[in-house]
Every structure is written in C-alpha cells, then in structure tokens.
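Here's a quick tour of a structure that may be new to you. Take a look at the sequence and the model, then read on.

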Amino acid sequence: MATELAIRAAPVRRPWETGWGWLLLPCLALLAGIFIVPLLQLGATSVTQPEPGWGNYVRAITTPVYWRVFATTFNVAAGVTLVCLLLGYPLAYVLTTARGHWAAVLWAAVLIPFWTSLLVRTYAWMVILGRRGIVNQTLMALGLREVPLDLLFNRFSVTVGMVHILLPFMVLCLYAAMRGIDRGLLLAAENLGARPIQAFVRIFVPLSLPGVVSGSLIVFITALGFYITPALLGGRRDVMIALLIDDYVSQLFNWGMGAALAFLLLAVTLVVFLLANRILGFDTIMGARRDETT
Amino acid sequence: MSRSKQGKERITMMTRRTFLSRTGTGAVVVGVAASELGFPAVLRAQKAPLVVCGWGGTTTAAQREVYFRPFERETGIKVVEASPTNYPKLKAMVESNNVEWDVVDTADRMIFSGIRENLFERLDLKAIDVSKIDPRYVIDHGVGHKAWSTLLSFSTRKYASGNHPKSWAELYDVAKFPAVRSLRNAAFDNLEIALMADGVPFDKIYPIDVDRAFRVMGRIKPHVKVWWQVDAQPVQLLTDGEIDLTTLSAARIIALRDKEGAKADCEWNQGIVHMDWWTIPRGAKNKDAAMQFINFAIGAKQQAAMANQIPFGPTNRDALPLVKPEVLRNLPTSPENLKRQLLSDRTWWGENLTKVEERMKGWLLS
C-alpha cells in the first residue's frame, strides 16, 4: 500500500531515543500543574459533593435525560465533522494547487473567520438566518415564500454555526497532509494507464488520510465541548453536554454533578477514540510505528 | 503618608523605584518595607481598599457614580470594583479561605443557598442602620437594596396601540395572540407564570403546585421558539424583531425602550418582584469597611440616586419621595406597580430550586 510505503520512508524516533527527551520536562510540568492536578481535584469533587459516594454517577447513568443530552452531543459533533470534511476536502485540495491572487483570496476566506470572535460569528448567523434575516428577505422578495422559513433555533442553525467555526481547523489539517503528497505519483499512475479520477481515488485520497483523520479528530473533539453556539442558535432539544455542565455549576450550584458529567464526557470520548482507533488504526496513519517486525 | 493610605494594591503595582521617586517621604519607605516584610496590617496602610462585587455593565457604572465615588469621598476608603457576581466563584473563595470580595451584590436565588452553605457573614446591625428599610428585606446575612421585576415584554412592531397581551393567561393564549414567543430556560419565574396563567390568585401561588405548573406549561411548550439562557438574548431578539413576546427584567426592557429606542415595551400587570441583597462573604478581609459601605449605600439619598439612574426599586422608605416623578412609574416598588405584582417567595425557591430546575431540564428536552 502506498500509505505504508510513505510512512516507512520517514524514520520516526521517539523523544527518549534521541537523548533530547528532557526538553519535554517544562511542558510536562506545566501540563501536570494546570491540567492533571485540577483534573484530579475535579474527580474528587464528583465523588464527594453534595454527598460522598458514587451517587452522581449512578444518577447520571440511570436518568434518561442525561443519555439524551449525550446522544445529542455526539450526534451534533458527528454531523458537524462530516459536513466540515465534505466542505473542507475540496477547499484544501484547491488551496494546494492555487497560485497568486487566487491563493491569497482563498487563504483569506479560510483564515479571516478563524481570527474572528466566536461570539461575533454566532450572532452574525442569527442576523443571517433570522425571520427578518437576509435569507428570508431574499426568499420573500423573490416571491418564493409567503411566510419566513424557520431557519433559526434548530439543529440546522446549530450545525451551520459550528461548521463555520470549525471548518478552518479541518482545512488546515487537510492542507498540511495534502501539501506533502508528491504529485509525481499521480502522473506516474496516469502514465501507467489510470484515468485521472482513478489516480485521484487510489493514490491521492489514501495519501491524504492522515489529514482526514487528524482533522476529523480535532473537529469532533472540539465540537463535543461546544457551548455558546448551541446555546444561542439551538432550540430546546439541542442541549449539548457543556451547557448542562454549566447549568449544574453556575445555576444549580451542584459542582459534584457537574464534575461527574464532565468525567463521563471524558470517559465516553476516550472510549469512542479507542474504538475508532481499533477500527481505523489512527496511530499507524498518524505515523507512529506499531510494530518493528512487520 | 497619604499615598500609603491607598493601600497595598497600589504599592504592589509599582516598582519600588518609581514608587519612591514619586513620593520621597520616609514614612512611605517604612510603609513599603512593612508590607514587603509581612509586618502586621496595622503597620501598613491604615485603610485597605474595599472590593465590591456587582453585576457589571450599566448597573456597576451607575453604582460607581451613586455609591462608590461618594463613599470614597466620605470615608477615604478606596472602592475596587469586581464583576459579575458569580456564585461558584464566591463559594470557591470562601471554601479556600481566599476571599477577594468584601461586599457582594447577591441575587435572591443565591442568598438562600449561600446561607445554607454558610458563605456569608452575619451583619452587624449596630454598624448598619436598617430602621428605614422595609423589614421584609432585612435578614441576618443581608440587606435587600434593589428590587427588580420580571415582566411580560413585547415588540411594539407587532403590538402598536395597547393591543398586546396584558396577562400571563393572554401570553398563554396562542389562538388569540399568534406570535413568536420566548421564555426563560428555567423553572424560575416560569412556574409562577404558568399558575397565574391558569387563574391562580397571588396569595395562592406559594407553595407552588409544581405538577400543576408543569402541566400548564405543557400547553405553551410547542409554541415557544426560544428558551433564553441570559437576558442579553431576548434583548437582542426583541430589537431585531426576531421574537414578539418574552419575559424580561423591567430595567432591561425599560432601558431598551427609553434609552436605545427599540420598538419594545412591557406590561406591569402580574409582574414578579425579586430582590438583590448586599452581603459580606465569610472571611472577607475588610469586614468593617464592608459594614460601613452597606450602611452608606442603603441610605435614602443613595438609593433614590440609584433609582434615578436605573429603575431598580429602593427598599428605604424615605427613598421613594426623592425619586423623580417620571422615574417612579418605572419602579417595581412604586405603590402603583407593586399592587399589580407578585412578590417572588425566595424561601420557597431556596428550598426547591435544584429539584425543580432539574425537572425543568428534563421537561424541556422531552
């Protein structure tokens, strides 16, 4: 397989094999101090408040509402990831081939939203998709609709808003992977009789898979924790888990339950990640050596 | 010596060199040395600054003008602002014994959880004169100082000439008033609204029949387009004409109508009156000054000045006559408005908040 060849070609040396591993220490210390320790404290909160014991977890697992919120969260995140991939793949491909003015325009289209405040972009969608928004006014002016379409406060508007925010992450990951692909391989395939579409599907797509996987992972995992966008653009059923956690901490003053839900999110995310890894083999695709002897 | 009075915060913000060059007095050097060497507070600045935590935005701006600056002038104690009031933060501060706030402007729904969790100091009623305050708003751990109302608010694009819904029953009447509706994403207020819509009189609302309230809310649920989280949302949505009817706090809707000229207005009938309280977090570093501040801020003159800035209802009996007549009609506690409204029962909410809000979450998702 072409992917395997490409991976073998780049020797991967682990940090401790190079003798420079100690350079990681400041980063690890920082991570321990500002991430691991608070995480452990949060874990302690989840089993001590409001009462000691596993009560919060038992309640979270036995109450259907929480299942529904988890299901919504993963559904929305998966949908957003899929749409980002479908929109981002052609865009990243064009970015790798574009030159001159076109490249500048395309990069601006990707990066300017990336640098704009999340809140501003979310409110912008409320303006665009609203009853008196641009879309509805256009439809009504053209006589295509009598009454405005319900574009806001539903799953559609949540997905649109989140895709808009997460698309640059997908595009940058895909671009990084695609830029490294030797176009000579495509020429060689065509030289050997493949039609361009065949060469693209059998050579280019497999070689871009590391970008697809890393982009999808970043988008999916970031989407799981989304808060403001679903809160502002969603309807009553589009409640994602971060919203519920915030409610427990800041509205209901129940930190224990908030912490337990946060840990469940972490656990479920890890399970999904590990399952996907078993099926798709991320570590091979991402470039790590699985086994020396194969 | 005057500079050192401004307290430790000022000192730590400057380098020692610039500090010395600006003052150049021996007394200050002693003051700096004392604070850096950890000498007892008595050797340091005599009047430490007072940190007052409020809700931020226009409320804090108004409080700065009518409470903080005059208090500084009167006492020489510098007021440092913090915002917004945040219960988890307050709780974390008290529990870690690292309290940064001395006075907190606390909401109804926080105060009873806070007293149960022992987060507040008892007020020293020898230092605070509450003789003129409505006795309903004086409790061991706080003094009520600004009333606010939840009101039926509407777009005047949709309802121009007094033909808007005038009661919660009419808000619930989707046949007579077809409109885009919005309600708060909480059981808080909504349970009372549902019962009033179902014809329950004010004196029979509490204790709330929760089952009945949820049953009645079931009638409106499919017709509510937006369940708002923070009141900035309905403010924006009303301005944009995205919603026609919503609940909103009186001060927000009145500012929207009078200051920002939005096409929106409110109905006082069946409004729900709430209270915000001055409290002192347990372990506050500047407790005495905090008591002094509360005593100052609940004075009739100060409360009236606040009401003239933002129409929150004063609790000092002598304050209402000092309020401008054109402001009076916007106050939740004006006699005219008060008799048409329900007083939110904070004790009921203190006991039931968590339970009913959790039920609300499940209800909204189903």
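## Chain A at a glance

Chain A has 15 helices and zero strands (DSSP runs, H or I over at least four residues for helices, E over at least two for strands, numbered from the N terminus). Its C-alpha atoms fill a box of roughly 65 × 65 × 35 Å along the principal axes. Of the 294 residues in chain A, 31% are buried, with 20 or more other C-beta atoms, placed from the backbone, within 10 Å of their own.

This is a predicted model, where local features need pLDDT of at least 70 and side-chain atom pairs 80 or more, while totals for chains, interfaces and linings use all residues. Residues are numbered from 1 along each chain as written, with chains lettered from A and ligands numbered from 1 in written order.

## Where chain A touches chain B

The contact (C-beta atoms, placed from the backbone, within 7 Å) takes 21 residues from chain A and 18 from chain B. On chain A's side, helix 5 (64–97), helix 12 (228–233) and helix 13 (241–251) each give two or more residues. Helix 13 of chain A gives the most, with five.

## Helix 13 meets helix 14

How do the axes of helix 13 and helix 14 of chain A cross? They come within 7 Å and cross at roughly 160°, so the two helices of chain A are roughly antiparallel (over 145 degrees between N-to-C directions). Among the residues that meet are A:I241 and A:Y248 in helix 13 and A:W255 and A:L265 in helix 14.

Note on methods: Buried ≥ 20, exposed ≤ 12 C-beta atoms within 10 Å, placed from the backbone. Contact = placed C-beta atoms within 7 Å. Axes fitted to C-alpha atoms, helices over the stretch in contact; angles between N-to-C directions. Parallel < 35°, antiparallel > 145°, perpendicular 65-115°, else oblique.
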